[in-house]
Amino acid sequence: MIPFALVGTGWRAEFFLRIAQALPDRFKVVGVVTRDPQNAAATLAPFGVTPYASLDDLLAAQKPLFVVTSVPWSVNPHLLQDLARRGISALSETPPATTIQELIDLWSLTRNAKIQVAEQYWAQPLHAARMAFAYSGKLGRVTQAQISAAHGYHGISLMRRFLGIGYENPTIMARRFQSPIVQGPSRNGPPTEENIVESDQVLAWFDFGDRLGVFDFTNDQYFSYVRDKRVLIRGERGEIIDQQATYLHNPNTPLQVDFVRHSAGENGNLEGNYLKGIQAGESWVYHNPLAPAPLSDDEIAIGTCLLRMADYVDGGAPFYSLAEACQDRYLDILMAESLKVNQPVIATFQPWA
């Protein structure tokens, strides 16, 4: 059982509540801090969670292993600093800064604190399976990652991890392109009529010298019915394109394998309704650590962060440190700067590196 507390009651905070509700033998939300406990009570009631008006009130009544901060960027730095002063481990839902100076200030104030960031994209099943395959050596040394799967620092975090990049400094060149598209669904549900809207696309090259990252994302891709996500990972012996890998068994024998999902509950299967894992050829490249809970891929990824956070608090390895989060957000800020000035921008080493 992993007891954790939550600060915030927004759209993203509900992911943590749903995960704990689906896995009551593994997670327990011991309380939620909210600015308006009376109004939040109705929202939290289905999850069996108690609202508290302040962090002091919650900590007086509960002993969480760590606190998840799911609050606006403007609030998060102060909250993380408060938790650090109290000696309480924190899982931050975002890298909380809007400028490079804010990143530096946050790092300086919390560098000795137990903080990880709930950057979940690396833990989504298909991305995790691709990384496992790429890291297996079948592709040889990976030199290029083209990521069109997530916005801003999320996409950059995937690109950096596929390339095996730590804090190396790239030259960044970014461009924006706009085009018409039929409006798709949103967080509020599917569209009720057909409308043509502007689709905003950002493309950027991250040139690390011996490795290249290509960022490509439109603001429609998360929900659109007609704009899919795409990933290309290239190494000296092969490549991954979306859900298929091609690599050399020997110099004149190429092999091609698909990433195949295995789920319970399909075609009359009576085991339940959950993802078991993903195979590539004869190898399992991903096992769902939260099976048999019926969770979406993104919920599985966030739940994986909760598992890894508990391990980290107990002395285990970091999984996505504040330093990593600062680096990805820093490169995201530089990408925005390149868009603004329409010129290449060169990254430099920052304190967290």
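What follows is a short chat about the predicted model shown above.

Colleague: What kind of model is this, and how are residues numbered?
Modeller: It's a predicted model, where local features need pLDDT of at least 70 and side-chain atom pairs count only at pLDDT 80 or more, while totals for chains, interfaces and linings use all residues. Residues are numbered from 1 along each chain as its sequence is written, and side-chain values use heavy atoms, leaving out hydrogens and water.

Colleague: OK, how many helices and strands does the chain have?
Modeller: Nine helices and 17 strands. Those are DSSP runs numbered from the N terminus, with helices being H or I of at least four residues and strands being E of at least two.

Colleague: How much of the chain is buried?
Modeller: 51% of the 353 residues. Buried here is under 20% relative accessible area, with a 1.4 Å probe and protein chains only.

Colleague: Which residues touch the most other members in the largest nonpolar core?
Modeller: Phe-27, Phe-66, Phe-133, Phe-206 and Phe-259, out of 109 residues in that core. Helix α8, residues 297–313, gives the most to this core, with ten residues. A nonpolar core is a set of buried Ala, Val, Leu, Ile, Met, Phe, Trp, Tyr and Cys residues joined through side-chain atoms within 4.5 Å.

Colleague: Switching topic: how do β12 and β13 pair?
Modeller: Strands β12 (residues 238–241) and β13 (residues 244–250) are antiparallel, with four bridges. Pairing takes at least two bridges found by DSSP. Ile-241 has Gln-244 in β13 as its bridge partner. The two strands form a hairpin with two residues between them, and Asp-242 in the turn has a positive phi of about 55°.

Colleague: Which strand do six bridges join to β13?
Modeller: β14, residues 253–264, also antiparallel to β13. Tyr-247 pairs with Leu-255 in β14 as its bridge partner, and a hairpin of two residues joins β13 to β14.

Colleague: Last one: is α9 mostly covered or exposed?
Modeller: Mostly covered, since 15 of its 20 residues are buried. Helix α9 (residues 322–341) should span 28 Å at 1.5 Å a residue, and its end C-alpha atoms are 28 Å apart, which agrees. The expected span is 1.5 Å times one less than the number of residues. Just after α9, Asn-342 takes a positive phi of about 60°.

Terms used: Buried < 20%, exposed > 50% of the residue type's maximum accessible area, 1.4 Å probe, protein only.
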